[in-house]
Amino acid sequence: DITVNQAETCCMCTEPILKLPDGKEMGPFGMPGHGFNRLNAVIKSGEIITVRVIFDPTAHGPAGIGKTRLVREFRHHAVRCGFQWFGGKYEKAGNHPYSVWVDMLKGYLQQRDAASLRILMGPYVTELAGIVPEVMPRENGTSKVAPQDSGIDRSRLLEAWTHFLVQISREAPLVLFLDDVQWAGSLELLHHLATNIGNQRVLAL
């Protein structure tokens, strides 16, 4: 017998689904760390497992199929309709879990003063100050708040990010464009946002 403990894909554009000998399907499976990858399937002698793969060219694909143009046209339409557009791109290596999100917000943050940012952050100023230190008063050139990874509760930090983005969206509908998510070290914040966003005016691409 052969035991299969894990199934995964190397790219966000493909999702394999396993069909077991008894007809039961398991999956779809994703990239390592991006969703469901564990299973416990036993293949006995003479049995066959069928692998069905779903390909999504809009998630990823070869150059020239129109991904960049599609995003460009969508952005143009969204901005014309009064939406805010924040875009960020993951790199192949060295991605901090929140680095792309900070990059997306840089332009917005540079246009706001510390007082207005503190209002937007509400009860989460302390959690977000490690990411946006400009919102906290400084003494002798140093922030009163410790860096982001100094033991702040992760769930509280996820709540803080979600609250902040929702508050921004109340000024105008918000589009978050995340490029090359197949290189993301973690999609925890995106999952939390999608799960808790409700009917707020936030769209993540």
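The following exercises, each with a worked solution, concern a predicted model of a protein chain.

Residues are numbered from 1 along each chain as its sequence is written. Because the model is predicted, local features need a pLDDT of at least 70 and side-chain atom pairs count only at pLDDT 80 or more, whereas totals for chains, interfaces and linings use all residues; side-chain values use heavy atoms, with hydrogens and water left out.

**Exercise 1. Overview and confidence**

Task: State how many helices and strands the chain has, and state which residues have a pLDDT under 50.

Solution.
- Step 1. Helices (DSSP runs of H or I, at least four residues) and strands (DSSP runs of E, at least two) are numbered from the N terminus. The chain has six helices and ten strands.
- Step 2. The term pLDDT denotes the predictor's confidence in each residue, from 0 to 100. Its average over the chain is 79, and 81% of the residues score at least 70.
- Step 3. Over residues 138-151, pLDDT stays under 50. Where pLDDT is low, the predicted coordinates should not be read in detail.
- Step 4. Contact means heavy atoms within 4.5 Å. For residues 138-151 the model has 17 contacts beyond four places in sequence.
- Step 5. Of the contacts in the chain between residues at least 6 apart in sequence, 67% join residues at least 24 apart.

**Exercise 2. Helix 3 against helix 5**

Task: Determine how the axes of helix 3 and helix 5 are arranged, and which residues make the contact.

Solution.
- Step 1. Axes are lines fitted to C-alpha atoms, for helices over the stretch in contact, and angles run from 0 to 180 degrees between N-to-C directions. The axes of helix 3 (residues 114-121) and helix 5 come within 8 Å, crossing at roughly 110°.
- Step 2. Angles under 35 degrees count as roughly parallel, over 145 as roughly antiparallel, 65 to 115 as roughly perpendicular and the rest as oblique. Helix 3 is therefore roughly perpendicular to helix 5.
- Step 3. Helix 3 contributes Leu117, Leu120 and Met121 to the contact, and helix 5 contributes His163, Phe164, Gln167 and Ile168.
- Step 4. For the classes, Ala, Val, Leu, Ile, Met, Phe, Trp, Tyr, Cys and Pro count as nonpolar, Asp, Glu, Lys and Arg as charged, and the others, Gly among them, as polar. The contact of helix 3 with helix 5 thus divides into five nonpolar, two polar and no charged residues.

**Exercise 3. Helix 5 with helix 2 and with helix 6**

Task: For each pair, find the angle and the handedness of the crossing.

Solution.
- Step 1. Helix 2 (residues 99-110) packs against helix 5 at an angle of about 40°, and their axes are 13 Å apart. The two helices are therefore oblique to each other.
- Step 2. A crossing is left-handed if the near helix is turned anticlockwise from the far one by less than a right angle, and right-handed if clockwise. Helix 2 and helix 5 have a left-handed crossing.
- Step 3. Trp101, Val102, Leu105, Tyr108 and Leu109 of helix 2 meet Trp161, Phe164, Leu165 and Ile168 of helix 5. By class, this contact has nine nonpolar, no polar and no charged residues.
- Step 4. The axes of helix 5 and helix 6 (residues 188-196) come within 10 Å and cross at roughly 60°, which makes helix 5 oblique to helix 6. Their crossing is right-handed.
- Step 5. In helix 5, Arg154, Leu158, Glu159, Trp161, Thr162 and Leu165 meet Glu188, Leu189, His192 and Leu193 in helix 6. This contact has five nonpolar, two polar and three charged residues.

**Exercise 4. Individual residues**

Task: Decide whether Ser169, Leu109 and Asp180 are buried or exposed, and locate each residue.

Solution.
- Step 1. Buried means under 20% relative accessible area, exposed over 50%, and partly exposed in between (1.4 Å probe, protein chains only). Buried residues make up 37% of the 205 residues in the chain.
- Step 2. Ser169 lies in helix 5 (residues 154-169) and is buried, as its relative accessible area is 1%. Leaving out residues up to four places away in sequence, Ser169 touches Gln84, Leu174, Arg201 and Val202.
- Step 3. Leu109 lies in helix 2 and counts as buried at 16% relative accessibility. Beyond residues up to four places away in sequence, Leu109 touches Leu117, Val132 and Phe164.
- Step 4. Asp180 lies in the loop between strand 9 (174-179) and helix 6, and is buried with a relative accessible area of 19%. Although Asp180 is not a glycine, it has a positive phi of about 55°.
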